[in-house]
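Me: I want to learn how to read a few features of a protein model. Please take them one by one.

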Amino acid sequence: MKLTSDDIHRLYKKLGPCGGMTPANTDRDVNLPGTRAIIAMLNKFLAILYPGCHATHPINCGNCRSYVEQMLKEVLDEMYDQVFRAYDHICRQERCAGCQECRTRAEEVVQTLMQELPQIRTMLQEDIQAAYEGDPAAHSTMEIVMSYPGLFAISVHRIAHLLHLHEVPLIPRVMSEHAHSKTGIDIHPGATIGAGFFIDHGTGVVIGETCNIGRHVKIYQGVTLGALSFDKDAKGRLIKGNKRHPDVEDDVVIYAGATILGGKTVIGKGAVIGGNVWLIHSVPAGSKVYNKQPSPEIRSENR
Amino acid sequence: MKLTSDDIHRLYKKLGPCGGMTPANTDRDVNLPGTRAIIAMLNKFLAILYPGCHATHPINCGNCRSYVEQMLKEVLDEMYDQVFRAYDHICRQERCAGCQECRTRAEEVVQTLMQELPQIRTMLQEDIQAAYEGDPAAHSTMEIVMSYPGLFAISVHRIAHLLHLHEVPLIPRVMSEHAHSKTGIDIHPGATIGAGFFIDHGTGVVIGETCNIGRHVKIYQGVTLGALSFDKDAKGRLIKGNKRHPDVEDDVVIYAGATILGGKTVIGKGAVIGGNVWLIHSVPAGSKVYNKQPSPEIRSENR
Amino acid sequence: MKLTSDDIHRLYKKLGPCGGMTPANTDRDVNLPGTRAIIAMLNKFLAILYPGCHATHPINCGNCRSYVEQMLKEVLDEMYDQVFRAYDHICRQERCAGCQECRTRAEEVVQTLMQELPQIRTMLQEDIQAAYEGDPAAHSTMEIVMSYPGLFAISVHRIAHLLHLHEVPLIPRVMSEHAHSKTGIDIHPGATIGAGFFIDHGTGVVIGETCNIGRHVKIYQGVTLGALSFDKDAKGRLIKGNKRHPDVEDDVVIYAGATILGGKTVIGKGAVIGGNVWLIHSVPAGSKVYNKQPSPEIRSENR
């Protein structure tokens with residue numbers, strides 16, 4: 001089969017020539033990093049937090065300092081560049097071109113990252129410990145770092161959440177979706193989550209933007225912390241940004257498949273929510289909430 | 001540990017020498033593209049539909065035309081080659097070797113692709129808009145293109161479905177499974193899906209081969225549109241290809257975890273299906289279908 | 001923005017210098033393969049089991065022997081090296097340094113692999129056949145090899161389980177988590193699974209460490225075979241390793257979303273468990289277990 005460059009060009013024009021293909025990431029209009037650049041940056045953070053664990057080789061002991069410092073340098077430079085592009089993208093659409101504010105804000109983000117990274121590591125240590133203590137199948141903390149999807153998801157979230165707090169466009173959401181893709185765990189970068197958090201198995205977990213989760217909370221696969229309904233404005237458009245997801249206090253356990261909805265729903269400290277429970281109102285501290293045991297119909301048959 | 005080439009060869013023979021390892025993709029018997037080649041092709045389609053968004057860099061504005069035309073040329077050439085191989089694979093098994101029909105059919109597929117690609121883009125624009133209007137957490141259409149798993153899944157599906165309509169073996173199924181792997185959303189290439197389709201979160205969604213979905217339908221994570229039972233022929237073998245999955249009319253919303261089964265089941269226009277509903281019969285247009293609110297047992301305890 | 005090497009070094013020290021970042025995979029302390037090395041090894045096993053299917057090209061027929069033998073040699077050498085490192089890691093923590101036992105045990109693992117690989121292939125042939133017979137949408141066995149997530153997951157599991165039986169640390173768990181990440185199917189390497197096993201769609205399936213699954217079992221998406229409760233020792237710590245997941249006998253079918261829990265639960269031969277059933281006790285052979293048909297409330301409305 002022979003396609004001429006005329007055939008191709010005609011098709012290109014039908015698709016809508018450059019700029020007509022929106023959203024597109026082209027120099028003049030948008031100039032963002034692509035998703036692959038953001039994921040590469042995320043992998044450097046993981047290399048800093050858990051040196052050698054997600055690579056092909058262990059890190060040579062004598063090189064550990066230079067390795068980690070090199071990763072830090074690269075990732076902070078890239079972060080500055082990419083956060084600047086993300087702010088600038090919005091800035092051009094909404095206000096101006098070439099103002100200095102985007103540069104200043106990008107610098108602030110990098111400085112916050114440098115300040116908070118040690119604290120993030122400390123929280124992740126608590127997360128690892130919670131996984132080790134919470135899962136009878138866990139043999140070592142190294143196993144958790146190298147293979148537990150819940151730890152991967154919360155590691156990414158703690159970085160993405162920090163960017164979200166600075167209202168960085170796009171980058172935190174691409175990061176959290178990368179974790180979702182790898183783990184099946186969908187944590188919106190806006191969610192606030194305390195230390196010692198453990199998600200076991202995790203596939204199908206959804207944690208909404210305005211959730212507030214305390215310390216030492218444990219969640220199983222298929223749990224949704226979601227919105228009950230969406231408020232609309234006078235013109236019938238969804239209102240964005242208001243509180244619409246539950247709060248979960250310290251030491252709560254939520255078993256597989258439970259669905260907890262609504263911005264006014266609070267799960268009190270130490271409560272236990274059973275598998276497949278559907279809950280749209282608050283429960284007090286220390287509650288145990290279970291579905292009545294279903295009694296499926298069992299027919300024995302000779303075969 | 002020292003393994004000799006004799007050790008290795010003995011093991012090779014025990015495994016069943018070349019051709020004994022079936023299915024294998026070896027020159028004489030099968031000669032298909034591998035999965036990695038198909039995924040590479042899919043990434044080029046995404047680069048055409050959303051230039052620069054899934055890459056490491058934005059596309060330079062002056063280069064956009066040459067970039068997109070280059071991608072078009074590559075992907076259409078590869079598609080011709082691979083579709084031919086896929087047809088030829090079946091052809092050799094069932095009929096002949098070296099007939100020209102496979103080449104003709106492969107050309108027809110590429111021509112259909114060239115004809116339909118602009119239309120696919122238009123439908124995807126509607127899908128993007130539906131996501132923006134349907135999710136209070138969406139900040140921009142660019143965010144949707146760069147991070148929403150539902151858009152990724154439907155983008156892949158609209159390409160795969162076109163190949164499915166031409167009865168191209170293997171390639172559409174490998175494409176849809178790639179999207180399933182990345183997103184947790186399993187859409188069979190056979191499903192017919194109208195424009196303005198939005199799947200939110202998406203993990204665990206299953207949409208069967210013979211589904212027929214209208215325009216502006218919205219689906220949440222964990223929804224199954226599946227088969228109720230499988231018909232068997234006189235010899236007890238499953239009958240392949242008959243209608244066994246539901247139809248969903250325009251403007252329907254299906255909340256998380258609902259399971260809708262059966263080839264005669266029709267969800268009428270504008271119906272709303274609540275979370276975790278289990279439905280095996282049709283419901284009329286405008287229906288609202290909810291489970292009775294479960295009342296889980298709540299015990300408050302002093303701790 | 002200008003970061004000096006002093007800025008970076010100060011941050012490095014705050015993070016906790018080399019060795020302080022635990023778990024880390026650095027030469028002196030741990031010296032494990034990283035996750036990427038383990039996944040590379042897994043891809044070689046898949047190349048041996050299904051030559052050419054997961055690559056970019058078919059294997060040239062005349063080269064098939066040399067291709068497969070080359071893959072065998074590489075993967076067995078790498079396996080020896082990596083299994084040794086994994087044993088050695090535990091050995092250094094618990095007992096000694098430089099003992100020869102780790103080398104001997106690593107050799108035994110490679111020898112078992114060489115012995116069992118033909119048997120694993122035979123079981124996988126039965127798995128492929130079960131998928132073909134169990135799914136009306138399957139057009140060919142090649143389609144199953146190239147695109148079915150259930151086959152991917154069980155292929156990885158049959159390798160990982162063999163390493164688990166030899167108590168190889170970390171590697172089997174990283175392998176199973178790789179399959180989980182790609183497919184949404186979480187099979188613990190400890191689970192024992194007979195031939196002719198078919199998982200359809202699969203997203204959200206969880207199969208626990210001490211499950212025992214017979215021959216020709218069929219499972220759909222979202223099924224959990226899990227633990228009912230975790231026993232604790234006198235100090236309140238979880239007891240690891242005891243039997244806490246169900247047994248499933250030959251020819252059982254478990255439909256989507258069913259949850260079956262507990263180490264004493266046995267699903268008898270040929271039983272059928274309906275969608276979303278929640279089961280924490282045994283059912284006899286030939287049983288059919290269904291939830292009472294829920295009757296969701298349907299309101300038709302004029303719009």
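Me: Is C:Tyr220 buried or exposed?

Reply: Buried means under 20% relative accessible area, exposed means over 50%, and partly exposed lies in between (1.4 Å probe, protein chains only). C:Tyr220 has a relative accessible area of 7%, so the residue is buried. C:Tyr255 has 32%, so that one is partly exposed.

Me: What should I know about the model and its numbering?

Reply: This is a predicted model: local features need pLDDT of at least 70, side-chain atom pairs count only at pLDDT 80 or more, and totals for chains, interfaces and linings use all residues. Residues are numbered from 1 along each chain as its sequence is written, chains are lettered from A and ligands numbered from 1 in the order in which they are written, and side-chain values use heavy atoms, leaving out hydrogens and water.

Me: How many aromatic pairs are there over all chains?

Reply: Rings of Phe, Tyr and Trp (its six-membered ring) pair if their centres lie within 6.5 Å; planes under 30 degrees apart are stacked, over 60 edge-to-face, and the rest tilted. The whole structure holds 3 such pairs. Take A:Tyr220 and A:Tyr255: their ring centres are 5.1 Å apart and their planes at 20°, so they are stacked.

Me: Where in the chain do A:Tyr220 and A:Tyr255 sit?

Reply: Helices (H or I, at least four residues) and strands (E, at least two) are DSSP runs, numbered from the N terminus. A:Tyr220 is in strand β6 (residues 218-220) of chain A, and A:Tyr255 is in the loop between β9 (253-254) and β10 (259-261). A:Tyr220 is buried at 7% relative accessibility, while A:Tyr255 is partly exposed at 32%.

Me: What lies over the face of C:Phe152?

Reply: A charge sits over a ring if NZ of Lys or CZ of Arg is within 6 Å of the ring centre and within 35 degrees of the ring normal. Here C:Lys182 lies over C:Phe152, 5.3 Å from the ring centre. In chain A, the charged end of A:Lys182 sits over A:Phe152, also at 5.3 Å from the centre.

Me: How many residues of chain C are in contact with chain A?

Reply: Contact means heavy atoms within 4.5 Å. Count 67 residues of chain C against 65 of chain A.

Me: How many salt bridges are there between chain C and chain A?

Reply: A salt bridge is a side-chain nitrogen of Lys or Arg within 4 Å of a carboxyl oxygen of Asp or Glu. The count here is 0.
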